[in-house]
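Please examine the sequence and the structure shown below.

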2 protein chains.
Amino acid sequence: MTGPRARGRRPGDPDTRAHILDAARELFAQDGYERASMRAIAARAQVDPALIVHYFGTKRELLTASLQLPVDPQSVIGEVQSRPSGERGAALVLFLVRTWDRPDYRRNFLVMLRAGASDDQARQQLQDTMRHSVQHAVAGLVDDRRAERAALVMSQMSGLALARYFLCIPEIVAMSPEQLATAVGPAIQRYLESTW
Amino acid sequence: MTGPRARGRRPGDPDTRAHILDAARELFAQDGYERASMRAIAARAQVDPALIVHYFGTKRELLTASLQLPVDPQSVIGEVQSRPSGERGAALVLFLVRTWDRPDYRRNFLVMLRAGASDDQARQQLQDTMRHSVQHAVAGLVDDRRAERAALVMSQMSGLALARYFLCIPEIVAMSPEQLATAVGPAIQRYLESTW
């Protein structure tokens with residue numbers, strides 16, 4: 001194994017892992033899982049390919065790491081839970097739009113969609129993440145029919161992300177996080193507390 | 001050009017075009033646009049590859065045809081518009097879930113998602129379809145802030161489709177079209193008529 005390139009990042013740099021992950025998400029989003037090579041990811045991250053193997057293992061394992069959510073849903077829910085119960089729908093929308101609006105997180109969403117759409121194993125992993133992480137966390141906000149309500153919340157939030165970051169529907173893109181919280185929040189609120 | 005194979009479909013068969021389109025959607029959904037070959041699509045449709053060229057032109061043009069919506073949004077909206085205005089949200093959900101629940105239409109949704117996720121040209125085409133066809137049709141249901149309301153309706157409907165057909169969230173998959181109309185209909189209704 002060769003060492004890192006002279007002008008590249010060093011193995012000891014605590015940000016090296018994060019830089020590799022950023023580069024991997026960029027190239028997985030841009031070229032797709034199959035076409036993005038470990039060599040190209042290494043070049044983008046300015047590291048030696050051997051360093052990627054050291055931190056992540058195989059390309060498949062690098063994809064798995066790239067598909068991790070950028071924020072812990074449980075901590076978001078903890079924050080939302082501290083609000084009055086009638087404001088939680090809007091708080092959820094506000095928090096998630098502000099998070100996804102960050103270019104690096106948005107890329108994460110596109111990687112997940114792209115990998116899941118073209119690879120059954122990645123789709124399965126995405127399903128597991130959504131069910132066992134996001135849906136489980138949202139279920140902590142409600143008292144009855146927890147899994148069903150959480151699934152409906154999740155479907156509305158996914159649709160919002162799809163419209164804003166993937167389909168880029170101009171009216172949705174033009175709205176501020178606060179405007180989206182006002183427009184979409186009550187729909188989320190209804191899934192959290194109404195009877196139907 | 002060789003003629004259609006002995007046991008294959010004939011050029012004169014009025015269903016031939018539809019059979020080719022079915023086969024193309026199946027293989028585009030299964031293998032992705034790049035990997036699905038014209039030869040494999042022809043074999044699946046039991047036609048000579050030359051017949052595909054005759055009906056659709058290039059592989060790119062075949063993808064374009066595959067990305068067409070299976071139903072005309074304008075006719076759905078016409079049907080929904082005949083209902084009392086307070087029932088339109090539920091009617092929209094019911095109609096769309098029943099449509100997407102058909103395996104051939106569901107495949108159409110997955111082809112659109114997969115192609116759009118891996119190919120910028122297909123994503124642009126998907127954006128155009130959503131804006132100029134779906135969003136435009138839904139805007140016909142409302143009196144003010146038409147494009148914005150229609151965009152929000154579309155975001156919720158896309159999220160529902162994503163959860164039911166792509167992420168396969170068990171609680172969403174388990175609900176009947178009628179149950180989904182009851183649960184999600186009022187959210188759509190709100191986007192059609194509320195002020196915020």
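## Salt bridges

In chain A, Glu148(A) and Arg145(A) form a salt bridge in which the closest N and O atoms lie 2.7 Å apart; the term denotes a side-chain nitrogen of Lys or Arg within 4 Å of a carboxyl oxygen of Asp or Glu. Glu148(A) counts as buried because its relative accessibility is 18%, whereas Arg145(A), at 36%, counts as partly exposed. Here buried means under 20% relative accessible area, exposed means over 50%, and partly exposed lies in between (1.4 Å probe, protein chains only). In chain B, Arg145(B) forms a salt bridge with Glu148(B), and the closest N and O atoms are 2.7 Å apart. Arg145(B) is partly exposed at 35% relative accessibility, and Glu148(B) is buried with a relative accessible area of 19%.

Another salt bridge joins the side chains of Glu79(A) and Arg83(A), at 2.8 Å from N to O. Glu79(A) has 35% relative accessibility and is therefore partly exposed; Arg83(A), at 31%, is also partly exposed. The search of the whole structure finds 16 salt bridges over all chains. Side chains of opposite charge can pair when their charged atoms come close.

## Basis of the model

The model is predicted: local features need pLDDT of at least 70, side-chain atom pairs count only at pLDDT 80 or more, and totals for chains, interfaces and linings use all residues. Residues are numbered from 1 along each chain as its sequence is written, chains are lettered from A and ligands numbered from 1 in the order in which they are written, and side-chain values use heavy atoms, with hydrogens and water left out.

Arg149(A) is found in helix H9 (residues 146-166) of chain A; helices (H or I, at least four residues) and strands (E, at least two) are DSSP runs, numbered from the N terminus. With a relative accessibility of 1%, Arg149(A) counts as buried. Its side chain reaches the backbone oxygen of Leu192(A) at 3.5 Å.

When neighbours within four places in sequence are left aside, Arg149(A) is in contact (heavy atoms within 4.5 Å) with Val142(A), Asp144(A), Arg190(A), Tyr191(A), Leu192(A), Glu193(A), Ser194(A) and Trp196(A).

## Crossing of H7(A) and H8(A)

Helix H7 (residues 103-118) and helix H8 (residues 120-139) of chain A have axes that come within 5 Å and cross at roughly 130°. Axes are lines fitted to C-alpha atoms, for helices over the stretch in contact, and angles run from 0 to 180 degrees between N-to-C directions. H7(A) and H8(A) are therefore oblique to each other: angles under 35 degrees count as roughly parallel, over 145 as roughly antiparallel, 65 to 115 as roughly perpendicular and the rest as oblique.

Where H7(A) meets H8(A), Met112(A), Ala115(A), Gly116(A) and Ser118(A) of the former face Asp120(A), Ala122(A), Arg123(A) and Leu126(A) of the latter in contact.

## Overall build of chain A

Chain A contains 11 helices and 0 strands. Its C-alpha trace spans about 60 × 35 × 30 Å along the principal axes. Of its 196 residues, 52% count as buried. Among contacts in chain A between residues at least 6 apart in sequence, 71% join residues at least 24 apart.

Methods. Polar contact = N/O pair within 3.5 Å; in protein donor to acceptor, adjacent residues only side chain to side chain.
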